[in-house]
Amino acid sequence: MHNAPRCIVVSVVFATMLLFVTPDPAWSRQNSELPELVVMSAVSDNPQSLISSMRPLADYVEKKLAPLGVKNVEILIAENTEQMIRFIRDGRVDWITETAYSAALLEKRAGAEIALRKWKQGVASYRSILFVRKDSGIESLDQIIDRSVAFQHPGSTTGYFVPRSVFQNLGMPLKSLRSVREKAMPGFVNYVFSGGEYNSAQWVHKGLVSAAVLSNLDWQRDDIVPASIKQDLKVIYTSPPLPRALELLRSDLDPRIKAVITETLLAAHEDPQASEALHAYHGTFRFDRLDSASIQALGEIRKSLGNGPVPAAGAP
Amino acid sequence: MSRTLRINLQTRYSLQIMAIIFAGMISLSAFSVWHFSSAAHEYESVTMSAIESHLEEQLRERAEVMTEYLAQDLSNALLVYDLQAMLRQLGTATAQSDVLFAYVYGADGLIVHDGSPEITEFGRPLDELLGWEASILREPRAVLSGKDLEFVRPINLGAEALGGVAVGLSLKVVAAETAGLSSELRQLSGQSLRKEISYAATFTLLFVLAGALLALVTARRLAGPIRRLAGHARQVGRGQFGQQVDIRRNDEVGDLVSAFGNMQQSLEANQKEIAYLAYHDPLTGLQNRASMITALNELCADCRQKETMGAVLFIDLDDFKPVNDTLGHEAGDAVLRSTAKRLLACLESDLASGCIIGGEGLKSAARLGGDEFTVMLTNLGDEMRAASICDEILKELSRPFEVNGREIFIGASIGVSVFPQDGRDAESLLARADVAMYHAKRHGKHAHKFFEEHMLEETRAKLFLINDLRSALSSEGLTMHYQPIVAAASGRVIGAEALVRWQHPRRGLIKAAEFIEVAEKSGEIERLGQWALDKVCADLAGWRESGLDGLFVSINISSQQLMRADLHDYVTGALSRWGLGSRDLRIEASEDRFAKNAEGATSVLREWNAAGFEIWIDNFGSGAGSLTSLLGVPARGIKLDPSFIKGITTNERLRTFVSSIIKMAHSLQLEVCAVGVTSAALADWLKENGCRYLQGQFLGPELNAENFIGHLRFKPGGGNDENPRSLKAI
C-alpha cells in the first residue's frame, strides 16, 4: 500500500522536475517495451485537492497495470489547457480527464484520444442554457444582439464554448467586454466573463447583463440560482446534451496499457474495491463508451473548433 | 441579702465594658462593611466603564481590521463585480454573531452586495441604510449609532473610488460581555463583602472575647479587693478583728482599704473599750457587777473542785450619800477611787496573800455600783481568815479620806457570805453577803457580819415592811401625833413635836425609827416627808381656825431630805398654801447628821435659818456629836436626848454633866429643850438648871391632832404664852 501524502509530494516534485529540469524525458519510454510509469493528469488551479481526489483511482489502476510491469501511476496537474497540450505533446502525461470542449481541443491540438465518458457527479451528460430576466422582454437568442451576455469563463464548456458556438452558428457577431461596467456595443453580442455561475445569475437578476449562460445542472442549484431569483428569470435557450466529462489517453501510449486502463475503468463500477476510488474521483458513478448523442455533440464541438482560431481554454 | 436578682459589681462592669466593646465593634464593622460595599460599587462602576470603553475600542479595532481585510479581498471583486467573491467574503463576516451587516457598495454609493445569497439590499443607497453620508467618505470612519458600531471603509483604486465596505458591529455583545463581567464583578465583590463581613464578625467576636477577658480582669481587679474587703468587713462585723486587709493599691481602692483599716483599728479599740467597760467599772478600774458575777461563779467552781472555802465580802460605805449630796459628785468619785485603792492595797497585803483570785487584787475586787464593793476570797482555811481581812478593810476605810484638802470620815459595813455553806453560786452568795452587810449596817455600822440564816428572815420582813409602808402612804395608814412642848418657866404649852405613827394592820404600832429607816432605804422617805409636812400644815391651820394661835409644830426632817434643794421650796409652798409662816414651823435635825457632814449640813441650815425657820438639833447627846461640832451650826437650840436625862435624878455625875452641857449650850447661845421628861422632879431639876423647854410624857402625851386640841382646850390657858399652864397642873 502506498502512503498517499508521500506519493503526492513525490509526484508533484517529480512532475516539477520533469517540467523544469528535464525538458524532454519521453525517450525513456520510447526506448522500452513497456513503461514502468503511467501518469494521470487533469487541469486545475487547485492541484492539491484534485490530486487527493485522483489518488485512489490511480492506485486502483496501478494494481491493474502491475502485471504489465507498470510500477507506478503518478499524477501530474497542469495549470491550464495550454500546459496540458504541451504535456501531452511531450509524452509526459498518459491519461487525462477533461470536459467535452477541452477534450476536443486536446484531441485536435495534442492528438489525445477520447476514450471513455465519465459520469462525473453521477451525471452522464448536461446542457447549456441561456436565461434572461422575465421582465427583459427578450424571448429569443437574436434579441441578445446589441446587448450583453455573461459567459462563465473561457474554459467552460457549457458556460462559454457552447453558447459561443450557438451565437457563432446563428451568425451573430460577438464582442468581448473587459468589464461588466463596459457598455455593450451595438451590432454585437457583447459578452463578459462573470467568473462564476453565481455571478452570472446575479448579474442577470440585478440587470448588469441582459443574459447569462449556465449548465442545466447549475441552473438547478439553489446556491447558484436561489428560488427567489429564479422566479424573476426565464430560460430562452437550451442546448443539446453534451457528455459531462471524458477520459482521454495519449495516442502513442502502449496499446496494452491503453487496453488495461480502458477495461479497468469500464469495469470499475462493478468492482466493490473500486467504489471508494470512483466516489473520490469527482463522484464518478461509472465510465462508459460514448453514446451517439455524445458523439454528435463532440462533432459539433469539433466543427466549431474548425472555424478559425480557437483561443486556448483556461487562458482568458 | 435581697432575694431579687443581684448583679455583682464584677459582672456589671464586665457586662458594661463588653457592651461598649461590642457596640464599638459592631459600629466599626458596619462602617467598614458599608465603606467596602460603597467602594466596591464605585470600583465596579469605574471598572465597568473602563471595560466598556475598552471593549468598544476593541470592537472598533475589530471593525477596522475586518473592513481592512474585506477591502483588500474585495477590491478586485468590486472591480469585476464578482458577486460570488463578495458573497463568500461578506458571508464569512456576517456569519459572526456580532456582525449586524456587511455591505459592499459601489462608487455610486449603492449597495452591490449585502452578504445574502439573494443580495436583497442590492442597489439601495448606503447612506439611506446607514442614515448618514457614508458613501462620500475617502477615509475609513467609525460611527457609534445607538447600540451599534458602524465602520465604513472606502475602496480606492489609485485616485479612483471604487466604492467600499461597510460593516455594522453590535455593541450588544459588548454590552452582554460587560453585563457578564459586571455580574461577575458583583459576584466577586459580593464574595469579598461576605468575606469582609465574616472577617468583621470574626474580629468582632475576637475583640468581644478579648474585651470580655479584659473586662473580667478589670472588673475583677476593681471588685476583687472590694469583695475581699466585704468579706473582711463581715469578719470584723462578727468581731473577728484579726489581721488588716493586705491590699496595697495606690488608687481609690487603696484609699478605701486604708480607710477601712483605720476604721477597723478604731472599731477594735472601741470594741476593746466597750469590752472593758462591759466588765469594768470606769471610775475605779475594778471589775463591774457582770464581771464579778462571772468571776464569782468561777470561784465557786474552783472551790468546789479544790474543796476549799471561799467568801464574798459585800462592802457598803457608811454615810457616803451625804458626801455626794453636800460636797458634790466629784468629791464622791474621789472617795470611791480612794476606796478602791485601799481595797486593793488590803488585798495585796500579806494578810490576804493566798486568798485572792490569781494573786491579783484586781481579780478579787469589784465595784457593784454606788458605794457598794465586793471582795472575793478563796482558799480560806476558816472564817477567821475572812474576818481578819474584813477588819483590815474596815480599818483602812475608817481612815479619813482627803478630798480637796479636807478630811472626810466614812467607814464601811461589810457583809460576808461563805462558800459552800451560805451558797454555791454567785447569785446566792452575793445576795446573802448583801443581807449580812445590811445587818452590819443596822447594828451599828463600821463592822462586818457573817451571814446567818435569820438575817434572811429579817430582810424578808423589811421587804414586806417597805411594801406595807407604800400602801400605808396611799391609804392613810399613817397618823400624825403631837407631843406638847412646854415652856419650863411658865409651864404653858407653846408648841408640839409632830411624830409620825404607823399602826400596822398585823404588827401593831411600829416605831418611827424603824419605818423611817425603811423609808430612807426604799426611797419612800420623800413621799413620807411630804405627807408629814402637808399633815402638819393642815393640822396647824385647823388649830388656827379653832382659835388656838401661837402654837408651833416642830418637825423632824431626815438629813437625806434636808440636803435636798427643793425641800425648801416645798415647805414654803405648803406653808403659804395653808396661810402659815416660817415661824409656825420648827425644823428638827438629828445631831449625828451634822457630825458626819458638818460642812455641807451647816450651809444648808443657814439657808433655812435665813428664811426664818428655827433649827433645833435633835437627839443631842445620843450619838458621837460634840458641842464643838455645833459651833458653826446656825441652830436655835438643842434637844437633849431622852437617854441622856433619864438617869439624872439618880446619877450625880450625869446631873453634873447635863448641867454643864446646858451651860455650854447657853454659852454658845443655844436654847435647850429636854425631851423625855417623865417626872415632876426631873422637870423641876431641868428648869432649875436652865433648861428652857420641856417635853415628855409627864408634860403631855402623844395625841392625834383632834385629841391634841381637845387636850389643850381641856387645860385652861392652853396654847397661850400669856397664860401658861402651870406645871403642877399637869
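Is strand β11 (residues 412-419) of chain B mostly covered or mostly open? I looked, keeping in mind that this is a predicted model. Strand β11(B) is mostly covered, with eight of its eight residues buried.

Next I sorted its side chains by direction. In a regular strand the side chains alternate between the two faces of the sheet. Here B:Ala412, B:Ile414, B:Val416 and B:Val418 point one way, while B:Ser413, B:Gly415, B:Ser417 and B:Phe419 point the other way.

Then I looked up the neighbours of β11(B). Strand β6 (residues 309-317) of chain B runs antiparallel to β11(B), and eight bridges join them. I picked out B:Ile315, whose bridge partner in β11(B) is B:Ile414. Strand β12 (residues 448-450) of chain B runs parallel to β11(B), joined by three bridges. There, B:Gly415 has B:Lys449 as its bridge partner. I followed the chain from β11(B) to β12(B): it passes through helix α11 (residues 426-442) of chain B, and this β-α-β crossover is left-handed.

On to the helices. After α13(B) comes B:Gly523, with a positive phi near 85 degrees.

Last entry: how do helix α12 (residues 453-474) of chain B and helix α14 (residues 525-545) of chain B cross? Their axes come within 11 Å and cross at roughly 30 degrees. Angles under 35 degrees count as roughly parallel, so α12(B) and α14(B) are roughly parallel to each other. Their crossing is left-handed. B:Arg470, B:Leu473 and B:Ser474 of α12(B) make the contact with B:Arg527, B:Leu528 and B:Trp531 of α14(B).

Methods: Residues numbered from 1 in each chain as written. Chains lettered and ligands numbered in written order. Predicted model: local features only at pLDDT ≥ 70, side-chain atom pairs only at ≥ 80, totals over all residues. Heavy atoms only, no water. Buried < 20%, exposed > 50% of the residue type's maximum accessible area, 1.4 Å probe, protein only. Helix = DSSP H or I, 4+ residues; strand = E, 2+ residues; numbered from the N terminus. Pairing = 2+ DSSP bridges. Right-handed = clockwise from strand over helix to strand, strands pointing away. Axes fitted to C-alpha atoms, helices over the stretch in contact; angles between N-to-C directions. Parallel < 35°, antiparallel > 145°, perpendicular 65-115°, else oblique. Left-handed = near helix turned anticlockwise from the far one by under 90°. Contact = heavy atoms within 4.5 Å.
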